[in-house]
Amino acid sequence: MTGSLVESAVGTRVPGSVRALSSLSRIDYADLFTLSTGQQATPEQWARAMFGDVPDAAERFIWGALLGLRLSRERSPDTVAGWRINGRGGDWIRLGAASWFLTCELLVRTSGGQVSLGTFLRYDRPPGRGVWRALSAVHRLLVPGVLRDAASRLRDVR
């Protein structure tokens, strides 16, 4: 059974054990959203349920136009929604993308009947902080729905 409550942690409230899964040399922004669910799926299956294989029009606008992230438009086993898979472990997968002013990572982790989505950013140039400050509130409103929708997609596939 899929729960509907999504717990969140932002900034220093994101556990160090989760931050340690980032490959960024410095983390200027971090958040973590966790949904309790009975769904059994690999971290990559969760990531693809959340974002798909290629970025859709809305994702291209937000990630490409607003954040300037360089994403692949081609379907590939090395990418999820255009983000490069740049690390993985038994219970997590990490996706990465960068623009000229910031570097981003998305971390999908499964553990103990839960799935989590973490976002890590490094501001590489001054516009990074300002652009993300403007978008981060919307991001934090959207992520719980992303997790719930992914759980529904996985449930429907089974």
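What volume does the largest pocket have? It is about 500 Å³. A pocket here is an open set of points on a 1 Å grid over the protein atoms alone, with protein on both sides within 12 Å along at least five of seven lines. Its lining residues have an atom within 4 Å of a point. A volume is the space filled by probe spheres set on the points, which are joined across faces, edges and corners.

This is a predicted model, in which local features need pLDDT of at least 70, side-chain atom pairs count only at pLDDT 80 or more, and totals for chains, interfaces and linings use all residues. Residues are numbered from 1 along each chain as its sequence is written, and side-chain values use heavy atoms, with hydrogens and water left out.

Start with the largest pocket. Of its 25 lining residues, Phe 51, Ile 62, Trp 63, His 139 and Leu 142 are the closest to the centre. H2, H3, S6, S7 and H4 each give two or more residues to the lining. Helices (H or I, at least four residues) and strands (E, at least two) are DSSP runs, numbered from the N terminus. H4 provides the largest share, nine residues. By class, the lining holds 19 nonpolar, two polar and four charged residues. Ala, Val, Leu, Ile, Met, Phe, Trp, Tyr, Cys and Pro count as nonpolar, Asp, Glu, Lys and Arg as charged, and the others, Gly among them, as polar.

Now follow helix H2, residues 43-51. Pro 43, Trp 46, Ala 47, Ala 49, Met 50 and Phe 51 are buried there. Buried means under 20% relative accessible area, with a 1.4 Å probe and protein chains only. The cover over these residues includes helices H3 (57-66) and H4 (127-157). It also includes strands S3 (79-80), S5 (92-98), S6 (102-111) and S7 (114-123). After H2 comes Gly 52, with a positive phi near 85°.

The strands form an open sheet. Its seven members run in the order S1-S2-S7-S6-S5-S4-S3, with antiparallel pairing. Two strands pair if DSSP finds at least two bridges between them. S1 and S3 are the edge strands, each pairing on one side only. S3 is joined by two bridges to the antiparallel strand S4, residues 83-89. Across that pairing, Thr 79 stands opposite Arg 84 in S4.

The second largest pocket has a volume of about 190 Å³. Of the 13 residues that line this pocket, Val 18, Leu 32, Thr 34, Gln 114 and Ser 116 are the closest to its centre. Strands S1 (6-10), S2 (29-36), S6 and S7 each give two or more residues to this lining. Its classes are five nonpolar, six polar and two charged.

Which strand holds Ser 116? Ser 116 is found in S7. Its relative accessible area is 10%, so Ser 116 is buried. Not counting residues up to four places away in sequence, Ser 116 touches Leu 32, Phe 33, Thr 34, Leu 107, Val 108 and Arg 109. Touching means heavy atoms within 4.5 Å. The side chains of Ser 116 and Thr 34 make a polar contact of 2.7 Å. A polar contact is a pair of N or O atoms within 3.5 Å; within protein, one must be able to donate a hydrogen and the other to accept it, and residues adjacent in sequence count only if both atoms are side-chain atoms.

Thr 37 lies between S2 and H2. Thr 37 is buried because its relative accessible area is 7%. Its side chain reaches the backbone nitrogen of Gln 39 at 3.1 Å.

Notes
Buried < 20%, exposed > 50% of the residue type's maximum accessible area, 1.4 Å probe, protein only. 1 Å grid on protein atoms, 1.4 Å probe; cavity = no way out; pocket = protein on both sides within 12 Å on 5 of 7 lines; lining within 4 Å.
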